[in-house]
Amino acid sequence: MKNILVVCALSAELNEIKQILKDAKFRDIKISFFTVWMGNYNTILNLTRFLENNSFDFVVNIWICWYKEKKIDAFQVARIYNLSNSKEVIVPNLIDFLSLESIACSEKIVTDNTILKEENFVDMESYGFEMVCDSFKIPRILLKIPVDKIWSETKNFDFEKAKLYLSKNIDYKTMLEKISIYLEKQEEKIDFEKYFKDFNFTFSEKEIFKKLYYRYVSLIWNNFDTYFEENKQLNKKLFLKGLEEFLEKFLVK
């Protein structure tokens with residue numbers, strides 16, 4: 001049985017998604033639901049507490065966002081730019097489901113689109129969600145549905161329109177099918193010992209290696225073994241530092 005968690009900001013909108021997913025009736029999937037409330041801080045606090053006491057194979061974040069110019073039905077988040085600290089994170093592209101887009105993340109509701117600069121979309125939870133899931137090493141996907149154009153529509157948020165878009169703009173059955181296929185492939189456990197035998201890694205260094213390995217797999221199509229064979233003659237500290245710097249080249253700046 002695969003355990004999947006669906007995370008939204010507000011319970012009223014989550015109910016729309018909950019009914020659709022229950023009707024999908026996947027025998028090998030158990031779906032749980034959780035609301036974190038609005039904002040990065042609420043997301044970080046509430047989701048962390050929840051994941052500390054509950055275990056899941058995959059986490060899905062579904063929620064609305066605002067847009068500046070380009071309006072699309074829905075998209076999959078690939079990059080998040082935090083407006084409050086000017087930092088970005090890259091979301092692992094684990095499932096090919098929707099078009100990949102970048103999104104800004106704000107601590108407060110945005111009514112002035114000039115602060116987004118080159119970004120077209122903005123929300124209030126994605127940065128915190130990605131931080132928490134990354135820290136727990138949980139596979140995830142962030143799905144966003146643009147609802148209101150920044151300015152007057154932002155100030156007069158239409159909950160009914162949001163619920164309609166949440167129910168109509170995502171093919172939830174296909175989403176679950178793709179997640180299920182991904183999890184089935186992951187059941188073939190990775191043998192990290194074949195890498196560890198060449199380095200006398202400490203426990204923390206092994207965890208760093210695993211994190212970098214998964215980042216490599218999500219960012220680069222090439223076989224990791226090729227990179228490993230070309231660089232395993234380095235000492236362990238230089239190897240880890242070199243791998244991290246190598247992966248930096250593939251991040252969107």
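Buried means under 20% relative accessible area, exposed over 50% and partly exposed in between, using a 1.4 Å probe and protein chains only. This is a predicted model, in which local features need pLDDT of at least 70, side-chain atom pairs count only at pLDDT 80 or more, and totals for chains, interfaces and linings use all residues. Residues are numbered from 1 along each chain as its sequence is written, and side-chain values use heavy atoms, without hydrogens or water.

**View 1. Arg 140 in strand β8.** Strand β8 spans residues 140–149 and includes Arg 140; strands are DSSP runs of E, at least two residues, and helices runs of H or I, at least four, numbered from the N terminus. Arg 140 counts as buried because its relative accessibility is 7%. Its side chain makes a polar contact with the side chain of Glu 130 at 2.4 Å (N or O atoms within 3.5 Å; within protein, one able to donate a hydrogen and the other to accept it; residues adjacent in sequence count only if both atoms are side-chain atoms). A polar atom of the Arg 140 side chain also lies 3.1 Å from the backbone oxygen of Ile 138.

**View 2. The largest nonpolar core.** This core has 38 residues. A nonpolar core is a set of buried Ala, Val, Leu, Ile, Met, Phe, Trp, Tyr and Cys residues joined through side-chain atoms within 4.5 Å. Phe 58, Val 60, Ile 62 and Met 175 touch the most other members. Elements giving two or more residues include β1, β3, β8 and α6.

**View 3. Helix α9.** The buried residues of α9 (residues 224–231) are Phe 224, Tyr 227, Phe 228 and Asn 231. They lie on the same side of α9, because they cover an arc of only 100° around the axis, taken from the directions from the helix axis to the C-beta atoms. At the start of α9, a side-chain oxygen of Asn 223 comes within 2.8 Å of the backbone nitrogen of Asp 225.
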